[in-house]
Amino acid sequence: MRTPEKASKEIRLIYGHDIKNMTIKLLEDYRIEEKIPSKDAKIGLKPNLVVAVRPETGATTHTEIIEGIIEYLQKHGFSNISIIEGAWVGDSTKRGFRVNGYERFTERYGVPLYDTKEDQYVKKTAEGITMEISKRILDLDYMINLPVLKGHCQTSMTCALKNMKGCLSDRSKRLFHSLGLMRPIAALNEIVRPDLTLADSISGDLDFEEGGNPVDTGRLLLAEDPVLLDAYGAHLLGFSLDDVEYIPLAEEYGVGSADIVEAEVIELNKPEKSSNAIPTRFSKRLSAYTAPDSACSCCYANLIHALKRMEENGTIHKLRGKKVAIGQGYKGKEVEIGVGACCAKAKHKVVKCPPMASEMMEMLENL
Ligand code: SF4
């Protein structure tokens, strides 16, 4: 596991929907082959299979990411790779593997699948909380965390730090809930800290970790520091760090830095044009406040997240009778309210490509 002092402040970002190639490009740019300690290092991939559903629901990690990582690592001579995960209490990890066709990783690439629910556990204590952690996870030389950036009904959002909960026994998962999740999640990351996190923000759910309400964001993020990645992800979804208590707590416990001003964000490409921003079923209500014209999917998704936060905190009334312009069709056009560099001529605007949900909210709440 990586020590906090050694983690870089870089966050790599790539946009699009060719997920396997996007994954490979991120790994190439990061030069992961130079970071793994040895060719025979025990490398563990930790996806998010919290429930046994497909990634299109917005709940679980896209399998093309796993495929891209395995192919890239095997091409560079790394052969000791495994996939390790444990679903939430009440669902079966094996069913999650099956529903998502994980057996092909074993058949095609020789990569074994392990369920932490069936593992031996080692008791570890951090911040006064004793928890049972999968021995197989603790035995890894290099862990790649593959969370989904999405909403969560209890903790506002979930991404890198919370994905480590799948490394626990079911008994410890229950204990975490009885302790209110925030402090235990931060404490867990003191013990189990991934070397690298590649976050799936292709179509994470707007509200719930179990999915059903995906928003097409079309991007992947890669970083060494899980606290920094989560802090950045929170802003992308329109949350402040006060909304996601485990992030500042993890910083306080020395897991990493939540200071996104210090982050070096490296964009490997620009957001994809999409001919039409099509709101998903649940975001339809919020789309009433938008006037998209050739908006890129991630830009439009950030706006939907901003509107959702405004609905939650009671400021959405500021937009009553108004519409927010967004998209490449607004280049050079004068409008009342617009978000994104394409709406640079709007009277009220956020000129960035693409703006984060938190930046959009700041402008919209001050109308
Ligand atoms: S500002 Fe314009 S080009 Fe940039 S992401 Fe938004 S819609 Fe796309």
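Let's start with the big picture: the chain is split into domain 1 (4-267) and domain 2 (281-365), with bounds that come from an automatic or database domain assignment. This is a predicted model, where local features need pLDDT of at least 70 and side-chain atom pairs count only at pLDDT 80 or more, while totals for chains, interfaces and linings use all residues. Residues are numbered from 1 along each chain as its sequence is written, and side-chain values use heavy atoms, leaving out hydrogens and water.

Now look at how the domains meet. Their C-alpha centres lie 29 Å apart, and 19 residues of domain 1 are in contact with 19 residues of domain 2 (heavy atoms within 4.5 Å). Together the two domains bury about 1,500 Å², with carbon and sulfur atoms giving 60% of that; buried area is the accessible area (1.4 Å probe) that two parts lose on being put together, summed over both.

The rule finds one salt bridge across this interface, meaning a side-chain nitrogen of Lys or Arg within 4 Å of a carboxyl oxygen of Asp or Glu. You can find a salt bridge between Lys 308 and Asp 207, whose closest N and O atoms are 3.2 Å apart.

Finally, zoom in on Asn 48, in the loop between strand S2 (43-47) and helix H2 (63-75); helices (H or I, at least four residues) and strands (E, at least two) are DSSP runs, numbered from the N terminus. Is Asn 48 buried or exposed? With a relative accessible area of 4%, Asn 48 is buried (under 20%, whereas exposed is over 50% and partly exposed in between; 1.4 Å probe, protein chains only). Leaving aside neighbours within four places in sequence, its contacts include Thr 60, Glu 85 and Lys 150.
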